[in-house]
Amino acid sequence: MEEGFKVPSLDIVRPVKTSVPKIPKEEGSTEGSSSGQEKTESSQTLPVAECPYIEPKWSGRPESSYSFEVLKTGTIIEIVENLQEKPYWVFGRLPQCDIPMAHPTVSSTHGTFVNKQRIPPKTYIRIRVGHIVKLGASTRQFILQGPTADEEEESQLSITELKELKKQQAIEMLKKQEQERLEQEKREKAREDEGISWGMTDDAEEEEVDLSVNPFASTNNEQLFLDDPKKTLRGFFEREGLNLEYKCEEMSQGTFVCRVELPIDDAQGRPIVAEVCHKGKKKECVVQCALEACRLLDRHGVLRQANHEPLRRRVPKSDSDDDDDFLDRTGDVERRRQRKTASGENSALSYEDLLEQQKKIIGQMEEIEQKIDAFKESEKAAKAGNEADDLDDFMTNLRSEKIDKTEIRKLRVEQQRLKGELSKENKKEAAYCAIVPLRCCLLKTQDPEGFQKLMDLQSHLDKRIETPLYRVLKANLVTFIKTILNLDIEEGTILEIAAILDTNAFEIRHQHRNIKVRGLYPMAAMIAHSCVPNTAHTFNEDFEFVLIATVDIAKGSPIYTTYGQTLQGTLQRRQHLRQNKYFECFCERCGDPTELSTFAGSFNCTRCNNGKMIPENPFEDTAPWKCSACECEIPAKQVINGNKAIMKEVSELDQNSPKEFEAFLIKYKDVLHCTNTHMLQVKYALSQLYGNIPGFQLHELTEAAVIRKIDICRELLEVGNLLEPGLSFFRGYLLMDLQAVLAIQAKRDFEKNAADREETLRKLTEAMDLLQEGVRILSPDPALKDFINGKVQELTQMMQF
């Protein structure tokens with residue numbers, strides 16, 4: 001008997017009831033001798049057959065009372081009570097069995113059935129209260145009775161749906177068996193082609209586990225994790241580069257539920273979760289959960305690889321065979337490599353980062369759905385007999401992009417994977433986005449006055465509630481607070497607070513503390529919006545809101561701030577405000593088709609090459625666009641689609657390549673004029689790239705690049721003087737960039753004798769004036785203190801020549 005298993009705690013050897021045959025008396029024998037012989041024979045018993053079952057270490061006795069009701073021909077004929085008194089019970093035809101049965105079909109040949117389903121031999125099967133056990137062809141049915149907590153949950157499916165589900169499972173099983181058979185044939189053929197390896201290769205197969213040691217193992221691999229399932233499972237997760245997390249909850253006194261989410265998906269693309277309900281100690285529940293997780297992983301054929309990993313693969317090298325994606329066609333290798341890399345990073349994701357990841361996944365899913373819909377439409381057209389009849393139609397269809405059925409299957413697999421990823425991101429978001437709403441809810445009891453100020457702010461919940469984001473919040477945030485945290489907070493209050501935060505909160509970027517958070521300032525949230533603001537705001541070291549007047553504001557005049565981006569055109573700004581702030585802007589700039597003579601949202605008329613296309617009514621997104629010089633007119637939809645295409649192209653530019661940004665300006669110089677919103681944004685990006693990235697630092701800039709940066713900064717300042725005049729941060733940053741590059745130009749000209757001392761001093765004096773104005777604008781922001789001091793020191797040293 002192996003040391004890995006316990007000896008059964010109860011002695012199951014019972015006396016065998018045998019009948020002693022009569023022995024005829026021999027002639028001449030005495031009565032005494034005859035009776036003595038009979039006594040000797042009757043005292044002997046037949047040998048008792050030993051039970052082949054070996055009790056594992058994790059076995060134990062249940063704490064609740066269990067029993068079997070024996071059902072035969074519709075009547076309960078017997079009750080086997082006190083099942084909890086023994087760790088296991090033996091059924092069989094031998095008289096020493098715990099539950100002896102006389103039916104001749106009670107044997108391993110005829111099988112055992114649970115709920116009319118034959119179970120595989122030598123396999124542990126979890127049975128619950130209400131399950132029916134039947135052996136062979138015996139008419140006796142053993143119904144397990146016990147606590148209601150151990151009953152199986154009722155299915156919500158109808159009988160028809162259950163039959164269909166069973167049919168689908170049978171089909172999937174047949175497909176899986178056929179696939180395994182084909183893979184086995186491929187492996188055997190490949191082994192024959194390779195010849196004999198003598199078992200010396202890295203992928204040499206190991207000897208199978210001897211099932212005689214554990215005859216009840218469901219697979220040969222169960223022996224590998226039965227002794228210590230927690231260690232085995234931990235090793236698997238470390239190999240995959242993931243963190244193992246047991247989620248154990250106490251359902252009632254002494255009853256625990258433990259769950260582990262596994263990095264494998266089921267047929268519907270959902271992550272598989274190992275779940276165990278155990279009555280006893282919490283650590284025992286964790287062990288049982290680890291055992292169930294190992295079984296699930298083993299059935300998917302991934303656990304054995306984790307347990308017998310070669311030493312060379314344990315070294316985390318990027319060029320290991322596990323990370324070789326040369327023959328990978330599914331992307332699994334690359335995703336596993338990314339998980340390994342991410343597991344070593346402890347950077348926390350902000351709320352906005354999680355939303356961005358969700359948005360990216362949703363976008364990918366929508367793109368896949370569009371391709372699948374296009375394929376369906378093409379299939380319908382083909383079935384309807386809409387094939388090409390002439391050569392021109394045939395060539396047109398030939399040139400058009402088509403997707404075959406193989407590609408569609410790949411897209412559907414990717415779609416299921418993305419659904420699983422989105423589900424995981426939703427779970428992450430629920431934990432993060434609950435913190436601030438919880439703090440706001442606490443105000444109701446700790447600061448009622450502050451809570452009332454909070455609830456008086458606008459939320460636009462009636463408009464937000466149908467958006468995809470708030471459907472996610474309703475499913476995750478509300479569930480997390482009410483179910484997981486078990487807090488008595490109304491669903492409407494939770495969603496109302498989330499909507500108030502999205503409508504009124506300010507984004508705070510604190511460079512010194514390297515944090516990015518949102519802050520709610522009720523008074524500042526009341527400031528009205530305008531696309532030409534007269535104020536700017538920042539935050540001090542204590543996160544206090546600092547409001548700055550950028551221009552002179554007359555007494556009694558309204559104070560404005562901006563909720564959008566200055567360089568965007570009217571079409572983009574109004575759409576942003578409508579989708580994120582839920583109001584329409586009717587400011588002076590939005591009502592002017594020329595946008596204060598900048599024509600930021602317009603573009604060149606390609607018909608006359610003289611005028612600019614401007615909206616007939618800027619307040620109507622569907623209004624047509626007309627040329628300011630000729631009678632050319634185009635629909636609004638064409639303008640919207642054109643802007644989307646250009647915005648996508650800008651977003652795909654390499655953020656560290658000035659060459660790509662310059663190429664964009666050249667490409668669209670005939671369509672987009674110099675102050676178009678897309679051109680302005682690209683130019684602003686260039687003003688930041690020149691002088692701030694490796695290879696393009698100020699001292700590395702060529703003479704042409706220096707002149708280019710000066711021209712861009714001056715051009716952007718002219719636009720800024722119209723759209724954000726005065727002490728705006730937009731102008732402040734441009735002034736700092738312009739003075740620095742002017743100082744570099746003056747110094748180089750003087751060193752090359754291209755300018756005399758007086759001309760050089762004039763340029764440096766201009767740079768100093770720009771620097772002083774820039775310092776005046778940016779100094780209220782404490783995060784820019786070091787940046788400003790560095791610029792002042794640089795220019796001071798340059799002037800000492």
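Two strands count as paired if DSSP finds at least two bridges between them, and strands here are DSSP runs of E with at least two residues, as helices are runs of H or I with at least four, numbered from the N terminus. The model is predicted, so that local features need pLDDT of at least 70 and side-chain atom pairs count only at pLDDT 80 or more, while totals for chains, interfaces and linings use all residues. Residues are numbered from 1 along each chain as its sequence is written, and side-chain values use heavy atoms, with hydrogens and water left out.

**Exercise 1.** Find which residue in β13 stands opposite T255, and describe the sheet around this pair.

*Solution.* Begin with strand β12 (residues 255-265), which pairs with β13 in the antiparallel sense over eight bridges; within β13, K279 is the residue opposite T255.

**Exercise 2.** Determine which strands pair with β10, and locate the turn of its hairpin.

*Solution.* Strand β3 (residues 67-72) pairs with strand β10 (residues 141-145) in the antiparallel sense over five bridges, and Q141 is the bridge partner of L71. Strand β9 (residues 132-135) also pairs with β10 in the antiparallel sense, over two bridges, with V133 opposite F142. Finally, five residues lie between β9 and β10 in their hairpin, and G136 in the turn has a positive phi of about 55°.
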